[in-house]
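This briefing concerns the structure shown below. Please keep the sequence and the model in view while reading.

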Amino acid sequence: MSDEQHPRSAPATPVPTAPESRLAFNEDWAATILGLVLLVLVLVGLIPTGLVP
């Protein structure tokens, strides 16, 4: 056998991906911000207390 590498066994080059955005929100932060906005709206009186369980 020869010492040559098979072309399929060569390491694959990684596929470049899009750069990450500096401003990235995940689901947890989105839910937290939405909850705080709703709380403020209730405290200010824009959402009546009858709608809040």
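The points that follow cover the overall fold, the helix and the surface.

The model is predicted: local features need pLDDT of at least 70, side-chain atom pairs count only at pLDDT 80 or more, and totals for chains, interfaces and linings use all residues. Residues are numbered from 1 along each chain as its sequence is written, and side-chain values use heavy atoms, with hydrogens and water left out.

**Overall**
- Of its 53 residues, 0% count as buried (under 20% relative accessible area; exposed is over 50%, partly exposed in between; 1.4 Å probe, protein chains only).

**Helix H1**
- The 18 residues of H1 should span 26 Å at 1.5 Å a residue, which agrees with the 26 Å between its end C-alpha atoms; the expected span is 1.5 Å times one less than the number of residues.
- Glycine 45 follows H1 and has a positive phi, near 105 degrees.

**Leucine 39**
- Leucine 39 lies in H1, residues 27-44, and counts as partly exposed because its relative accessibility is 46%.
- Its C-alpha atom is separated by 9.9 Å from that of valine 52, 13 residues apart along the chain.

**Phenylalanine 25**
- Phenylalanine 25 is placed in the segment before H1.
- Phenylalanine 25 is exposed, because its relative accessible area is 55%.

Conventions: Helices (H or I, at least four residues) and strands (E, at least two) are DSSP runs, numbered from the N terminus.
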